[in-house]
Each structure stands twice: as C-alpha cells, then as structure tokens.
Amino acid sequence: MTDALVLLLTTALAIIVRCHNLSTPNQVVFDEVHFGKFAGKYINGTYFYDLHPPLAKMMFAAAGKLAGYDGVFDFKSIGLEYEAAGVPYVGMRLMPALLGVVTVPAAYVTARACGYLWDTGLLAALLVCLENGLVTQSRLILLDSPLVFFTALS
C-alpha cells in the first residue's frame with residue numbers, strides 16, 4: 001500500500017509542478033525556435049536535413065497536429081508571440097510536460113527495483129520532481145524531456 005500511495009502523491013505533485021500555468025511564457029523561448037520549426041516541417045511533409053534522431057521532433061509534430069497546429073508558424077526568432085499567430089503551443093508543451101510527469105514515478109520504481117526502501121524511493125522521486133532544470137526543460141518544446149523520459153525507462 002505504501003508504494004501505491006507514494007506513486008500517487010509524487011505523480012500528483014509532478015502534475016502540479018510541470019503543468020501549472022503551462023501557457024507562460026506565451027512567446028517562443030530558447031530552442032523552441034528549432035524544434036517547433038521541425039514539427040511544422042513534419043506536419044507539412046517538407047523535406048529537411050537534421051543531424052539529430054527524429055523521434056522527439058516527430059512526437060512534437062504529433063502533439064501539435066492533435067492540438068490543431070497547421071505547421072505554418074515559422075518559429076523564426078525568440079520572443080515571437082504564439083497567441084497572436086494562433087499557435088496551439090500549450091498542446092505542444094503538454095507532451096514534454098507529461099513525459100516529465102511520468103519520469104517522476106519512474107524514478108521511484110527504479111529506486112525500489114534496485115532494492116531501496118520506500119522512503120529512499122520517495123526521496124529519489126522528489127528530487128526528480130523538484131529539480132529546477134528538469135522542471136524547466138519539461139515545460140517547453142525542447143528535446144530534453146523525451147530524452148530523460150526514455151532514458152529513465154531504459
């Protein structure tokens with residue numbers, strides 16, 4: 001029963017931390033310039049060359065398509081406003097946020113699978129949940145959150 005309760009509480013905390021006010025800022029931030037642009041190219045079927053593996057960018061394209069993104073917004077510079085162009089950026093940011101949420105219980109499960117007690121697993125989950133860099137990366141259209149998620153699963 002303790003494991004289920006810890007998983008429930010840490011996942012709820014992760015949802016609050018990573019998904020609260022996801023619409024802020026409402027402008028293109030940092031490398032969203034690149035990854036939003038790649039998502040638009042996937043949505044429109046435009047050929048392009050990129051040296052990175054495509055999975056995370058294809059996931060952003062799928063999230064954008066589900067949210068109603070038509071792939072036209074050019075993401076050409078930091079600071080462009082999403083709302084003025086009608087870009088459903090919150091839907092695109094939701095995908096890495098949810099992957100960041102699921103990484104928190106994965107940390108707990110990993111610690112427990114390694115033989116640690118529930119309180120050590122809780123500490124591991126809380127450290128992942130509240131680490132500022134992981135929180136920030138999972139709230140933006142960046143490749144880091146999918147990378148950390150799939151690494152945690154492995």
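Residues are numbered from 1 along each chain as its sequence is written, and side-chain values use heavy atoms, with hydrogens and water left out. Because the model is predicted, local features need pLDDT of at least 70 and side-chain atom pairs count only at pLDDT 80 or more, whereas totals for chains, interfaces and linings use all residues.

## Overall fold

The chain has eight helices and zero strands, where helices (H or I, at least four residues) and strands (E, at least two) are DSSP runs numbered from the N terminus. Its C-alpha trace spans about 50 × 30 × 25 Å along the principal axes. Of the 154 residues of the chain, 39% count as buried, a class that means under 20% relative accessible area, with exposed set at over 50% and partly exposed in between (1.4 Å probe, protein chains only). The chain exposes about 8400 Å², of which carbon and sulfur atoms supply 68%; these areas come from the Shrake-Rupley method with a 1.4 Å probe, and for residues only the protein chains shown count as cover. Among contacts (heavy atoms within 4.5 Å) between residues at least 6 apart in sequence, 75% join residues at least 24 apart.

## Helices H2 and H3

The axes of helix H2 (residues 32–44) and helix H3 (residues 55–67) come within 8 Å and cross at roughly 70°. Axes here are lines fitted to C-alpha atoms, for helices over the stretch in contact, and angles run from 0 to 180 degrees between N-to-C directions. H2 and H3 are therefore roughly perpendicular to each other, since angles under 35 degrees count as roughly parallel, over 145 as roughly antiparallel, 65 to 115 as roughly perpendicular and the rest as oblique. On the H2 side the contact involves Phe35, Phe38, Ala39, Tyr42 and Ile43, which meet Lys57, Met58, Phe60, Ala61, Gly64 and Lys65 in H3.

## Aromatic pairs

Rings of Phe, Tyr and Trp (its six-membered ring) pair if their centres lie within 6.5 Å, and planes under 30 degrees apart count as stacked, over 60 as edge-to-face and the rest as tilted. By this rule the count comes to nine aromatic pairs, including the two in the table.

| Pair | Class | Centre to centre | Angle between planes |
|---|---|---|---|
| Phe35 and Phe38 | tilted | 6.4 Å | 45° |
| Phe38 and Phe48 | stacked | 5.0 Å | 15° |

Phe35 and Phe38 both lie in helix H2, three residues apart, about one turn of the helix. Phe38 lies in helix H2 and Phe48 in the loop between H2 and H3, so their pair ties together parts that are ten residues apart in sequence. Phe35 is buried, with a relative accessible area of 10%, as are Phe38 at 15% and Phe48 at 17%. Elsewhere, Tyr69, Phe73, Phe75, Tyr82 and Tyr89 form one aromatic cluster.

## Backbone details and a buried threonine

Most residues other than glycine have a negative phi, and most peptide bonds are trans. In the loop between H1 and H2, Asn21 has a positive phi near 55° and is partly exposed, with a relative accessible area of 43%. Pro25 also belongs to the loop between helix H1 (2–19) and H2, and the peptide bond from Thr24 to Pro25 is cis, with omega near -5°. Phe75, in the loop between H3 and helix H4 (82–85), has a positive phi near 50° and counts as buried at 0% relative accessibility.

Thr103 lies in helix H5 (residues 89–113) and counts as buried at 6% relative accessibility. Not counting residues up to four places away in sequence, Thr103 touches Val128, Val148, Phe149 and Ala152.
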